[in-house]
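The sequence and the 3D view come next, followed by notes grouped by topic.

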Amino acid sequence: MESLSPMFGPDLNFPRGLTSARAAEILARDGPNALTPPKSTPEIIKFLKQMVGGFSILLWVGALLCWIAFGIQVAQGVASAFDNLYLGVVLALVVILTGIFAYYQEAKSTNIMASFSKMIPQQALVIRDGEKREVSAEQLVVGDMVEIKGGDRIPADIRLIFAQGCKVDNSSLTGESEPQSRSCDFTHENPLETKNIAFYSTTCLEGTATGMVINTGDQTIIGRIASLASGVGNEKTPIAIEIEHFVHIVAGVAVSIGVLFFIIAVSMKYKVLDSIIFLIGIIVANVPEGLLATVTVSLSLTAKRMAKKNCLVKNLEAVETLGSTSIICSDKTGTLTQNRMTVAHLWFDDQIYSADTSEEQTTQSFDQSSQSWAALSKVVTLCNRAEFKPGQENVPIMKRVVVGDASETALLKFAEVILGDVMGIRKRNRKLAEIPFNSTNKFQLSIHETEDPNDKRFLMVMKGAPERILERCSTIMINGEEQPLDRERAEAFQTAYMELGGLGERVLGFCHLYLPEDEFPDTYPFDTDSMNFPTSNLCFVGLLSMIDPPRSTVPDAVSKCRSAGIKVIMVTGDHPITAKAIAKSVGIISANSETVEDIAKRLNVPVEQVNKEDARAAVINGMELKDMTTEQLDEILINHSEIVFARTSPQQKLIIVEGCQRQDAVVAVTGDGVNDSPALKKADIGIAMGIAGSDAAKNAADMILLDDNFASIVTGVEEGRLIFDNLKKTIAYTLTKNIAELCPFLIYIIASVPLPIGTITILFIDLGTDIIPSVALAYEKAESDIMNRRPRHKKKDRLVNEQLAVYSYLQIGIIQSIGAFLAYFTVYAEQGWLPNTLLGLRVNWEDDYYNDIEDSYGQEWTRYQRTYLQWTGYTAFFVSITIQQVADLIIRKTRRNSIFQQGLLRNKVIWVGIVSQIAIALILSYGLGSVTALNFTPLRVQYWFVAMPYAILIWVYDEIRKLFIRQYPGSWWDKNMYY
Amino acid sequence: MEMNATSGGAEGQREIYHLKPENKDEERAQHSEDEQEKRKEKMGKKTLADVIQEMKTFLWNSEKREFMGRTAQSWGLILLFYLILYMFLAGMFSFCMYGLLLTLSPYTPTYRDRVSPPGVMIRPYLHGFTIAFNVSEPSTWTPYVNSMHHFLQAYDDNIQEEKNIECPAGQYFVQDGAESEERKACQFKRSQLQNCSGIGDPTFGYSTGRPCILLKMNRIVGYRAGYGTPVSVNCAIQKGNESALKSVDFYPGNGTFDLMYYPYYGKLTHVNYTSPLVALHFTDVKKNDFVPIQCRLNGEGIVNDVANDRFLGRITFTLSIRM
């Protein structure tokens, strides 16, 4: 970067720039000036992943077995061979369709993002062939001369060769929102520190500059950071781990039962082929085919709900991650605060006044009757270069766009709120001369005519760093009277200054002087260069202090986090005092907790002597952090519950995140700058700011906060926790009926009864009647205040725990099976097949040639008559499961509260689910009962009610379970029965 | 002093967060904490030996005296719980089944809509509907003959005369009275099958290439076949050359099922009931060929053209007679 000079050539002052031809050459060599988007997985790979993920493998195996069985049977000339072919096709279709569905859901949520990352093509003013022209920023090449002015985004990394009052906002790069001036001087070895380089994607706030492009595209500092971010691996989300865990459990159960019964079947002298067909049935019965789709839908429903609350989720799974968050590392500026300077305190007449800093201020209520205030307000109004952009008369003052720096804007708005029509006042007090603020003077000065036509004196107003202003004053205004500035007064000033500074506020001093009429007549030529007017012995008027105030919703949100067991850590580039003040005002450091330094100060002992355990709060400076070992950082993170990291660089954020993750915490990180992207990536959930965030940050993040408001994170957390609870319910609901689907096969193999339920019928439950109800559980309200419990432990609080599986499988599932078997036996018995005849009947029953099997009454049945009866049995079994799933759905609404506490009618979607469930069953039985391929028959009405007692039993039993859980917390019952 | 008070307060406050109405997961979590810790240490460098060790610990944790994560007492309790639960469920299921059986009549099934109209079967039945034999090789047709003899044992004239009564032909043999009352059955003597009775020709014509096949209508409780007109049987080539089947003789009564054999009262009361038969005597069938023959029942209330059920009111079989 330092070896630029040869490229300049002789025409340093009148750059002709590159020739178009040369530019085209370099463009061809270096490529366009744009960041290569992060490598995304090809769509086809994403699609295939959906095809083999989750239960798909198991179902593929099932389909494959089907086709093998089909092949063998065809070779043997079995008439019903094609059933297996169709079943195989159906299974394959199920996998493909659910895969397509999941893919579509993923794609949809990714698309939301695509709209975000689309940028308006940027233009740059470039000098080529000796003339200025506008080109797309992408066309810039190394060596191009570009001109920038206030408001522009810097189109590439640029070394300045000419600058006038140029200030840049490097916040997207460094996180520091303080404007930094830029000049042509080489001031530092480090390119990041030197003043003569402006960086790609930062903005020029004011002034103009001309520079030469030194880096483009991925070679820019930003580009390098962005590629660093893509290097940080993406960890699996907690919910992905949970779902994987759950899939393993279910697949484990399916495979082990399948293999076990395969062995049993073979040793019971079943044919291997038959045993394979049993195996298929067991797999299909065990796998909740629709569940993963349901989970996706539930997550996307929550994502939608969160988007409404300003949390835009990029990755569906991140929905839940937010819920399990145990540490939030939050930015200060913009997230916790309003991201605009606002006047917070005033000091005049030897007294501190507080100003309203809320977002929607329209008036200020402090005492404005003093003459000193009148003088102060005049200085504030006049000694200010900021202006409202025209045409905003109807916009609320606080929302108007201002041209000017942050402090001046704050003062302008403050004055506008109190006095109104600042621009008018300025017009009436015409400005004659002005010295803008600069870092050597540390003051700003202007001279005005007064609006009083009788007063021919000029008014000189000045503002600046309080101590500098005070130096120039000999008097001070008290209650409108000028009084000598004696030691006492000066001390009062010092006290006020210290106090306001201690609040982390930026303090400005204001003074004025009426120039005597005789010395400075009307025509006096003011010259700002020679300063032909007095700049000392002025009259001190007052102090104003400004701060970027916290958002009004934040303190509440932080205390919610507290009660939810979430640690909020502030990470900011700001000064420790400011950071601490904001942390205190939002409750990140609670009112009664102290830092080590506070304790030391209070006890008047050196910091080293303080027992670190006594301090709950800690404010860590970036410099201290730099010298810390990992162990020391861990110690701090463990020992202190309230931590503020100040003066940190965005790189240190990554270190902090890693430290938190070492504590086994699920870490959420907010960020907006490009430099935050590695931390955002590293975090379990990266949260980018929607308004202030850079594209790189948004790309790296899992979630985008549309309103940049910390409080939105908390509502997101609530949604995330709710969905975790509700997914538990959904899974419990879905798993239950798997036992009722599995038992028929087991009984069929062991007791050789006619098959109680067919594989196709099972698919109709899994992918038909059960789908809407299980999604409906996602709409369930929380049972208790979920924000009053600690975040779940990643490794201990599983989505599917032993209790859930055991309760669903071995208790409710068994009850359901029994209810369904009752219906099955009823159908057969009423048709002439008493239960005892059914035992051991299977071989004859399924014999295609045996067309006169006697039933219990001596009647003789053809094969097809038996098959039809078997389908009636399927339908009855199916209907019974459906009816009992209604009860199951109702009990799954709550895990510990009584249904009556939760309210049966509060979640309307549940009722939609129940109605849909029954409607689908009715349609299948009566509407499609004549379609033989589906194996349904129109069922006698009374069979719908056979399983009813068991449905009621399920409800009653679960109420008893919940009652005991509530009555005897911590008891054996609670430990074994609460899932 | 003051410092203590402050930090004490802080402690207290911290505790409040933790004592909020927590769910029970916490205690449970504590329970398995040590295990988790151990596992965590092994994360990342899990070897097979570790896994085996873990499994061993899971199977028998000698420190805590736990078998598969539960102590003996815990296992005892959980097994007791499931014993009680399942016993209750078994009881409830038995009760429901008992209730179900109470609603059923032992004599007549509640519904007969799935078993009617009647299906048809033939004898001999050797697990298939292709009757193929070589006249000159007795071993090829003996199984058929044996099957027929075996089937007709119950129709022996003596047995029939001994057990059953003679009924007036041409009308239903309706026996009113209490449901539980034993019903009389009408005689169907083997001799009524004439040439196919196996009495004159114990080979049922198989030895001469003119085989007999017995046709039987499936029994249905209470079913009055034909609604007043006897159901008759006819046979035809199913597909192909009509000339392959030149003549079939039907016994008895030109291939009808006499009304007196209906209705059937179920096996509990109609103990000695023997289904009426129609013998088909294929006296002139094309030899040395597969001849597909379909025999149909004809009569009121008989359905013989349902595509799905090829045995409803009809039966298809193949004759392959080699000389």
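A residue counts as buried under 20% relative accessible area, as exposed over 50%, and as partly exposed in between. At 28% relative accessibility, Lys795(A) therefore counts as partly exposed. The model is a predicted one.

**Chain B as a whole**

- Chain B has 323 residues, and 43% of them count as buried.
- Its secondary structure consists of seven helices and twelve strands.
- Among contacts in chain B with a separation of 6 or more, 73% are between residues 24 or more positions apart.
- The accessible surface of chain B is about 17,000 Å², and carbon and sulfur atoms account for 56% of that surface.

- The size of an interface is often given as the accessible area lost when the parts come together.
- For chain A and chain B the buried area is about 6,300 Å², with 56% from carbon and sulfur atoms.
- Chain A brings 73 residues to the contact and chain B brings 70 residues.
- Seven salt bridges cross this interface, and 28 residue pairs are in polar contact across it.
- On the side of chain A that touches chain B, the elements that each supply at least two residues include α17, α19 (596-603), α31 (863-891) and α34 (948-967).
- The largest share of that side, 14 residues, belongs to α28(A).

**Nonpolar cores**

- In soluble globular proteins, nonpolar side chains tend to be buried together.
- The largest nonpolar core holds 228 residues, and those touching the most other members include Phe710(A), Leu280(B) and Phe317(B).
- Helix α25 (residues 710-751) of chain A gives this core its largest share, 19 residues.
- Leaving aside residues up to four places away in sequence, Phe710(A) touches, among others, Ile328(A), Leu336(A), Val554(A), Ala557(A), Val558(A) and Cys561(A).

**Helix α17 of chain A**

- Helix α17 spans residues 554-563 of chain A, and its buried residues are Val554(A), Ala557(A), Val558(A), Cys561(A), Arg562(A) and Ser563(A).
- An α-helix has 3.6 residues a turn, so residues three or four places apart point the same way.
- Just after α17(A), Gly565(A) has a positive phi of about 75°.

**Salt bridges**

- Over all chains the count is 51 salt bridges.
- Lys795(A) pairs with Asp664(A) in a salt bridge of 3.6 Å, N to O.
- Lys795(A) sits in the loop between α27 (771-776) and α28 of chain A, and Asp664(A) in the loop between α22 (650-662) and β24 (667-671) of chain A, so this pair ties together parts 131 residues apart in sequence.
- Arg70(B) and Glu802(A) form a salt bridge of 3.4 Å, N to O.
- This pair joins two chains, because Arg70(B) lies in strand β3 (residues 70-71) of chain B and Glu802(A) in helix α28 of chain A.
- Arg70(B) is buried, at a relative accessible area of 14%.
- In the salt bridge of Arg863(A) with Asp848(A), the closest N and O atoms are 3.0 Å apart.
- Arg863(A) belongs to helix α31 of chain A and Asp848(A) to the loop between α30 (842-845) and β27 (853-854) of chain A, so the pair ties together parts 15 residues apart in sequence.
- Arg863(A) counts as buried at 17% relative accessibility, whereas Asp848(A) is partly exposed at 33%.
- Salt bridges with shared partners link Asp852(A), Glu854(A), Glu860(A), Arg123(B), Lys216(B) and Arg219(B) into one network.
- Within that network, the side chains of Glu860(A) and Lys216(B) meet at 3.0 Å, N to O.

**Ser275 of chain B**

- Ser275(B) is in the loop between β9 (256-257) and β10 (277-285) of chain B.
- Ser275(B) is buried, with a relative accessible area of 3%.
- Not counting residues up to four places away in sequence, Ser275(B) touches Tyr155(B), Lys216(B) and Arg219(B).
- The side chains of Ser275(B) and Arg219(B) are joined by a polar contact of 3.2 Å.
- Ser275(B) and Phe257(B) are 18 residues apart along the chain, and their C-alpha atoms are separated by 9.4 Å.

Definitions and conventions: Residues numbered from 1 in each chain as written. Chains lettered and ligands numbered in written order. Predicted model: local features only at pLDDT ≥ 70, side-chain atom pairs only at ≥ 80, totals over all residues. Heavy atoms only, no water. Buried < 20%, exposed > 50% of the residue type's maximum accessible area, 1.4 Å probe, protein only. Helix = DSSP H or I, 4+ residues; strand = E, 2+ residues; numbered from the N terminus. Core = buried A, V, L, I, M, F, W, Y, C linked by side-chain atoms within 4.5 Å. Contact = heavy atoms within 4.5 Å. Areas by Shrake-Rupley, 256 points an atom, 1.4 Å probe, with all protein chains shown as cover. Buried area = accessible area lost by both parts, 1.4 Å probe. Salt bridge = Lys/Arg side-chain N within 4 Å of Asp/Glu carboxyl O. Polar contact = N/O pair within 3.5 Å; in protein donor to acceptor, adjacent residues only side chain to side chain.
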